[in-house]
Amino acid sequence: MATTFEIFCTVVAVTLALYYYLTSTFNFWKERGVAGPRPYPLVGNTARTLLGKISMADYLKELYDKPEFKNEPLIGIFTRRTPILIVKDPEMIKDVLIKDFSKISDRGITVFEKVEPLSQHLFNLEPKRWRPLRVKLSPIFTSGKLKEMFNLILECGNHFENYIEKLVAKDEPIECRELTAKFTTDVIGSCAFGLEMNSIGDEDSEFRKMGRSIFEVNFLNVLRSRLRSATPKVYKLIGYILRRDKVTKFFQELVVNTVNYRKEHDIVRNDFINLLMKLKEDPEKLNGIELTDDLLAAQVFVFFLAGFETSSTTMSNTLYELALNPAVQDKLRQEIHEEYKTHGETLKYENIKEMTYLDQVFRETLRKYPPVTFLMRKTISDYTFESNKVSVPKGTRIWIPIYAIQRDPEIFPSPDAFKPERFSHENDKTRHPMSHLPFGDGPRNCIGARFAAYQSKIGLIKILRKFKVEICEKSPIPYINHPNSFILVPLNGMHLKLKKIDENNI
């Protein structure tokens with residue numbers, strides 16, 4: 001039998017080995033001369049985010065604002081034992097996103113093809129599959145294609161306006177994230193899939209249920225997220241018990257049924273599904289990458305998610321700021337009225353482009369509330385920053401803290417104030433282009449940025465033309481970022497009051 005001393009020695013040896021493993025990477029940034037906060041075993045620098053005490057957006061902003069890192073172009077941190085490089089300097093950001101993209105073209109997100117078939121989508125994919133897919137999917141998001149979809153978006157906007165009339169008649173606070181998500185879900189359904197989703201009129205819309213379930217902050221969703229990022233190897237083994245089978249099946253069947261129906265009835269529609277069908281029929285266009293049903297469904301899945309959630313969140317945040325800033329709201333409504341007065345009741349694609357103040361309001365909202373608060377990249381080869389000669393090996397993860405940058409008082413004075421005029425043409429020229437990155441930049445920027453802008457603006461026009469937005473007793477004041485949400489949303493929802501404007505004043 002082992003003696004007490006032998007047991008004690010074994011426990012000490014195991015403890016020391018574990019401690020060494022957990023801290024063995026902690027000299028990574030010190031060896032490269034990169035400043036950063038002291039990491040701790042098991043949690044690195046992100047204990048509070050792992051425990052749901054603070055959002056990653058707020059943590060990175062705290063770090064960005066710390067006096068000891070004020071003049072540092074780079075900050076080195078650790079998520080558990082993984083080194084992460086935070087890039088603050090705008091020229092270095094430009095190098096990462098644009099100039100040296102060929103060396104940093106991965107997002108560093110693990111794809112779980114068997115556990116989560118829908119995870120192999122354009123946002124997540126490694127460069128080998130991302131590049132040909134991106135090239136072939138880009139044509140659906142050109143300004144020409146958007147013009148073709150414009151009337152479909154407008155039609156959804158008209159249904160949206162009628163729905164708001166009924167809601168306003170109840171004279172109750174409205175959860176605006178849910179309201180705007182109904183609109184954007186219907187737009188995506190119509191423009192991308194040629195389907196009437198009817199999220200606006202149907203409280204039990206299956207599409208709306210799917211959208212809610214995916215982004216809902218609950219125990220299972222948070223657990224999945226934590227396991228994916230913290231222990232991907234473990235998640236590959238046990239992720240089966242946490243699978244969202246209902247969501248996966250829904251989107252797989254949606255794609256297969258829609259494709260089969262179109263083939264059977266010889267339907268050709270100039271939309272996202274049609275483009276994917278063409279790619280599948282001619283695999284040579286994808287440089288030999290097989291466009292399986294799962295890969296096809298994954299692209300539909302991410303287009304649906306990105307199309308409805310980020311836009312609906314941005315719309316509700318815009319309404320929040322307009323409620324807090326009635327003078328801005330009145331000025332914007334005046335611009336909307338002038339546009340209708342000049343061009344009549346039916347807006348055209350070009351009319352939206354002419355509304356400069358609406359664009360400024362939209363961009364200022366994205367400055368304060370970028371839905372994705374930091375950009376992720378991973379080096380695919382060894383890389384050296386030209387300006388300070390800091391070198392990192394292949395596989396190093398890089399984060400760009402856009403939420404913190406866009407609230408930097410030296411870039412945007414009085415950053416907590418809502419000032420659309422910051423984005424006048426004259427003011428735009430005074431700032432570095434890397435200081436406003438809500439859609440990212442470079443080859444891996446948001447493929448649907450133009451689409452998102454247009455659907456959001458049409459939705460806002462339909463609300464503001466006939467309704468006034470006001471704060472109510474349930475409004476989130478102050479706005480507290482939800483600590484466990486993947487995208488930037490307020491902690492307790494977005495409740496506002498809408499009031500009908502006298503027709504004579506329109």
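The turns below go through the model by topic.

Me: Is this model predicted or experimental, and which pLDDT do local features need?
Reply: The model is predicted, side-chain atom pairs count only at pLDDT 80 or more, totals for chains, interfaces and linings use all residues, and local features need pLDDT of at least 70. Residues are numbered from 1 along each chain as its sequence is written, and side-chain values use heavy atoms, with hydrogens and water left out.

Me: In which order do the three strands of the open sheet stand?
Reply: Strands here are DSSP runs of E with at least two residues, helices are runs of H or I with at least four, and both are numbered from the N terminus. Two strands pair if DSSP finds at least two bridges between them. The pairing in this sheet is antiparallel, and the order is β3-β9-β8.

Me: Why is one side of β3 and of β8 left without a neighbour in the sheet?
Reply: β3 covers 174–175 and β8 covers 467–470.

Me: Which residue of β9 is the bridge partner of Ile-174?
Reply: β3 and β9 (residues 495–500) run antiparallel and are joined by two bridges. The β9 partner of Ile-174 is Leu-496.

Me: How many bridges join β1 to β2?
Reply: β1 spans residues 74–79 and runs antiparallel to β2. Leu-74 stands opposite Val-87 of β2. The hairpin has two residues between its strands, and Arg-80 takes a positive phi near 60° there. The bridges between β1 and β2 number six.

Me: In which sense do β2 and β7 pair, parallel or antiparallel?
Reply: Strands of a sheet pair through backbone hydrogen bonds, in either sense. Ile-84 has Arg-397 of β7 as its bridge partner, and Leu-85 stands opposite Ile-398. Three bridges link β2 to β7 (residues 397–400), and the sense is parallel.

Me: How many of the six residues of β2 are buried?
Reply: Buried means under 20% relative accessible area, exposed over 50%, and partly exposed in between (1.4 Å probe, protein chains only). β2 covers residues 82–87 and is mostly covered; its buried residues number five.

Me: Which residue of β7 is the bridge partner of Leu-375?
Reply: β4 (residues 375–378) runs antiparallel to β7, with four bridges between them. Leu-375 has as its partner Ile-400.

Me: Which element gives the most to the lining of the second largest pocket?
Reply: On a 1 Å grid over the protein atoms alone, a cavity is a set of points where a 1.4 Å probe fits but cannot get out; a pocket is an open set with protein on both sides within 12 Å along at least five of seven lines, and lining residues have an atom within 4 Å of a point. This pocket has 18 lining residues, and Asp-359, Ala-449, Arg-450, Ala-453 and Lys-457 lie nearest its centre. Two or more residues come from each of α16 (349–354), α17 (356–368) and α20 (449–464). The top contributor, with five residues, is α20.

Me: How much space lies in the largest cavity?
Reply: A volume is the space filled by probe spheres set on grid points, which are joined across faces, edges and corners. The lining consists of Ile-140, Phe-141, Met-149, Cys-191, Ala-192, Asp-271, Phe-272 and Phe-303. The space in the largest cavity is about 30 Å³.

Me: How many disulfides does a search of the whole structure find?
Reply: A disulfide is a pair of cysteine sulfur atoms within 2.5 Å. Cys-472 is buried at 11% relative accessible area. Its closest cysteine sulfur, in Cys-176, is 8.4 Å away, too far for a bond. The number of disulfides found is zero.

Me: Is Leu-42 buried or exposed?
Reply: Leu-42 has a positive phi near 75°. Leu-42 sits in the loop between α2 (28–31) and α3 (47–50). At 59% relative accessibility, Leu-42 is exposed.
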